[in-house]
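Hello,

Here is the structure I promised to pass on.

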Amino acid sequence: MDLDKKIILRKIEEGKDIVSYLKDIDIGIPSAEISRISFKLQEAENLARNDNSTIAGNKLNSIDDLFAGVRKSYFLNLSPRKIDSISRSDQRPKTLDYAREVFEDFEEIKGFNANSADPAVVCGFARLDSNNIMVIGHEKGGFNEDFRRGGSALPQGNLKAIRAMKLAEKFGIPVVTFIDTPGSWPLEEYLPAQRIAKNLEVQYLLKVPHVSVVIGEGGSGGALAIDVCDYRIMLDKAYYSVISISGGAAIIARDKRHISEADLDRAAKNLRITADNARKLGVVDRIVKEPAIGARKNDKDFYLDVREAVIEGLHTVKKNISPFFIPDSKIRDSWKLKKYQVPALLRKRYRKYKKIGVYHTSISDKIRHFMGELYRIKWVHTVFTPLRKSVEFVINLKIREKEEVSLLKAEVQPTVLSYEDRWVECPNTGIHGCQDIWIPTLFEEYNGTCPHCGYHFRLIIDSYIELLTDPGSFREFNEGIESVNPLGFDGYNEKLLKAKKTVKRKCAMITGYALIKGRPVVAVFTDVRFRAGTLGCAEGEKFLRAVKRAMREKKPLVAVHQSGGARIEEGILALMQMVKTSIAIARYKQAGGYYISINTDPTMAGVLASYASLGDFTIAEPNAQIGFAGVHVIEQTIKQKKPRNYQHSEMVMGRGGVDMVVRRDELKDVVARLLNLKKIKGRDESY
Ligand SMILES: [Zn+2]
């Protein structure tokens with residue numbers, strides 16, 4: 001075969017590849033247009049095989065023009081939905097492609113025990129010029145690789161990633177992760193949310209630089225499980241989102257039974273899933289531009305671009321810590337940190353996530369926050385701590401005096417928790433034959449539990465404050481922090497306004513000082529009536545500030561969760577609050593902090609996959625719904641029905657997800673008892 005013919009046939013093969021790619025991605029190219037190119041390619045192939053190389057060559061040139069036309073007509077100014085479609089293409093390079101092409105000598109390590117062999121996550125050592133690197137990523141695999149579940153990691157896979165990170169730490173090797181997952185595998189049996197939460201905490205403490213590259217799908221908590229990085233790179237045809245477009249559309253659609261194309265477009269636009277948006281919102285540090293039609297496995301030049309970006313990322317992380325560092329990847333161990341540089345790395349990492357979020361603060365909160373920050377100065381701390389303690393001592397003394405009175409009062413005048421005048425049926429009526437209950441009676445006399453079977457009804461958060469804290473002891477702080485609409489999400493302003501009006505709060509979270517059986521704590525409550533108690537930027541910031549206070553004043557932290565997850569209307573910013581809150585807890589616990597987490601009905605998704613699962617103790621209420629995804633999502637994924645109590649706290653405890661299930665009437669006693677475990681020498685004010 002002559003050389004021309006060989007080259008022409010190879011070009012024809014490449015052309016066919018592109019044609020199959022264009023068919024694969026769903027971005028509205030008319031099939032007639034693709035068929036025309038396909039037909040011409042076949043003609044050229046026939047000509048070439050019959051030794052008409054010159055004519056075949058000419059034909060190829062005209063085909064090149066057709067491809068150029070397609071690029072111009074369909075790939076300029078891609079809409080978010082088209083980017084979403086391209087990001088999921090089978091023909092895009094996957095983690096293993098990057099591991100082999102961006103680095104040298106990639107050697108996969110496959111797991112360390114029977115439960116960790118999850119092929120949806122791949123890990124291995126590689127070299128980048130003169131440096132060792134730990135490469136970790138979601139691997140979707142290609143055709144016939146269903147065992148990788150399309151890059152949806154099991155908890156074991158996320159644990160496998162942590163083990164690889166720990167190995168990297170042992171050798172002082174930087175970590176580079178490749179993010180490409182539609183989300184973690186939602187089956188509750190192995191506690192996916194609790195594993196993600198743990199991953200967020202452990203990643204923050206990692207003592208080596210971590211650069212991540214979002215190469216395809218950045219699917220919510222599943223992506224974060226290996227993406228608490230110091231420098232984030234994103235390809236321009238990848239997406240990062242708190243929820244899938246179809247999931248988002250299902251939530252915002254007016255007619256829930258019929259999700260229209262317009263709903264999908266609206267969700268894609270509103271969720272701000274593109275790299276440009278992520279960069280503007282401060283979530284991404286650098287965007288790498290892909291070829292016009294998107295990255296494909298055989299684009300050798302493109303891998304060089306990614307390589308250059310990874311090197312720059314690692315240089316930047318190191319330079320942020322040591323200003324005199326000379327960036328040169330040819331120098332051996334150039335990104336290795338000295339022991340004394342590690343605290344600076346963690347500090348930068350903390351600050352990176354701390355500043356993510358958009359919310360409003362009242363002037364008085366701003367002033368108080370500023371005063372609090374002054375506490376970081378040593379002499380301020382030394383001078384004012386005794387003063388603050390004496391003031392608090394007096395306040396608490398007064399509360400304790402009052403407590404005796406109000407306890408007496410409580411006996412004769414039970415707290416009214418809800419004034420809705422109607423009957424309610426216990427969900428267990430069919431099983432236990434419970435009688436209908438008059439709502440005021442239910443809440444006044446039975447703490448919202450069925451007197452016959454003990455079923456725990458959902459309780460409004462004010463009642464938890466009364467139930468758990470000593471009467472009159474709860475003093476709210478940061479009440480001025482307010483939810484806003486950072487992405488300009490359609491209709492969110494109105495929803496927020498309505499929530500603020502009906503619930504009479506500025507966001508879903510309430511933070512304050514309290515006494516629990518005389519023990520001072522910082523307490524956090526979530527109000528499920530405010531946008532389903534979801535986690536947005538204001539809630540994330542409030543939680544972080546509460547943890548900071550607990551840390552500064554060496555108080556235990558007690559949090560009652562009642563939340564539907566991360567708030568989709570705040571998109572990727574809400575998603576990043578999972579990292580922000582988990583880092584806050586990690587720092588607090590590292591400083592000796594003591595955190596008791598109480599999961600009530602419901603504690604779901606992004607909240608369960610972050611701060612709600614990071615307590616030293618995790619308590620749950622009976623029959624509370626605690627889970628990673630909605631049951632219908634799980635059933636759709638595995639095509640199998642799940643029992644009614646699949647996500648009930650008792651089942652979760654059986655799987656090892658919570659430490660204890662405690663009845664509401666015993667909650668305060670149990671929490672007080674746990675708090676006393678850390679009472680040092682009878683002194684009150686310590687962790
Ligand atoms: Zn009942």
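**Helix packing and domains**

Helix α2 (residues 31-49) packs on helix α3 (residues 53-74) at an angle of about 165 degrees, and their axes are 8 Å apart. Axes are lines fitted to C-alpha atoms, for helices over the stretch in contact, with angles from 0 to 180 degrees between N-to-C directions. Helices (H or I, at least four residues) and strands (E, at least two) are DSSP runs, numbered from the N terminus. The α2 and α3 pair is therefore roughly antiparallel (the term for angles over 145 degrees). Among the residues in this contact are Ile 37 and Leu 41 of α2 and Leu 60 and Ile 63 of α3; contact means C-beta atoms, placed from the backbone, within 7 Å. By class, the α2 contact with α3 has 11 nonpolar, one polar and four charged residues (Ala, Val, Leu, Ile, Met, Phe, Trp, Tyr, Cys and Pro are nonpolar, Asp, Glu, Lys and Arg charged, and the others, Gly among them, polar).

A word on the source: this is a predicted model, where local features need pLDDT of at least 70, side-chain atom pairs count only at pLDDT 80 or more, and totals for chains, interfaces and linings use all residues. Residues are numbered from 1 along each chain as its sequence is written.

The domain assignment, which is automatic or from a database, gives domain 1 (3-76), domain 2 (86-354) and domain 3 (459-676). Over C-alpha atoms, the centres of domain 2 and domain 3 are separated by 27 Å. Their contact takes 34 residues from domain 2 and 38 residues from domain 3. On the domain 2 side, α7 (192-204) is one of the contributing elements, and its eight residues are the largest share.

Best wishes

Key. Angles under 35 degrees count as roughly parallel, over 145 as roughly antiparallel, 65 to 115 as roughly perpendicular and the rest as oblique. Two residues are in contact if their C-beta atoms, placed from the backbone, lie within 7 Å.
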